[in-house]
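Please examine the sequence and structure shown here before reading the points below.

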Amino acid sequence: MSSLTLSAELTREHREIDVALEAFIEKLDCGSVQHELLTETLDALRRHIYLEEVFLFPPLRDAGIVMPIFVMMREHGQLWRTMDALTDLLADGNDSSRLRDTCMQLLDQLLQHNSKEEPVIYPNSDTDLPPQTSAELGRFIETGRAPDGWICQQAGG
């Protein structure tokens, strides 16, 4: 991993996902549906949620950060359901207006989510994680992949 802190790396991933979604919407507005771009972006967001729920949140919850983690988990479920809707819309391929609206909904959800997660949760990733967990998380950020079929805890409702 680079010399950036975990919080900076996690925030960087947020920005990359946001920029990719914005690029997809821009292409969509020009009449082009970039299937691969959206699919890769949704995969990146699912991977990001995985690393938070598997590596980051459990030790922070153990350190006493309970309510903020609860809120983040609930919002992950909302994000997940919106991503599932986008995947379905992309597969249908007929309704670029709904696809755009749902992308905008996801961007708005991410804005709301990230504006809480970055200042409240991420600073603790630099101070409250056991060294072994920090190392695991750093390695995962570099090369890790979420297991096929993994679904976030709150995806069902």
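Is His 14 buried or exposed? At 3% relative accessibility, His 14 is buried (under 20% relative accessible area, with exposed over 50% and partly exposed in between; 1.4 Å probe, protein chains only). The model is predicted: local features require pLDDT of at least 70 and side-chain atom pairs pLDDT 80 or more, while totals for chains, interfaces and linings use all residues. Residues are numbered from 1 along each chain as its sequence is written, and side-chain values use heavy atoms, without hydrogens and water.

**His 14**
- His 14 belongs to helix H1 (residues 6-29); helices are DSSP runs (H or I) of at least four residues, numbered from the N terminus.
- Its side chain makes a polar contact with the side chain of Tyr 122 at 2.9 Å (N or O atoms within 3.5 Å, one able to donate a hydrogen and the other to accept it; residues adjacent in sequence count only if both atoms are side-chain atoms).

**Salt bridges**
- The structure contains eight salt bridges (a side-chain nitrogen of Lys or Arg within 4 Å of a carboxyl oxygen of Asp or Glu).
- Glu 13 pairs with Arg 47 in a salt bridge, with the closest N and O atoms 3.0 Å apart.
- This pair links helix H1 to helix H2 (residues 35-62), 34 residues apart.
- Glu 13 is buried at 7%, and Arg 47 is buried at 17%.
- Glu 75 forms a salt bridge with Lys 116 at 2.3 Å.
- Glu 75 lies in helix H3 and Lys 116 in helix H4, so the pair ties together parts 41 residues apart in sequence.
- Glu 75 is buried at 10%, whereas Lys 116 is partly exposed at 33%.

Methods:
Helices (H or I, at least four residues) and strands (E, at least two) are DSSP runs, numbered from the N terminus.
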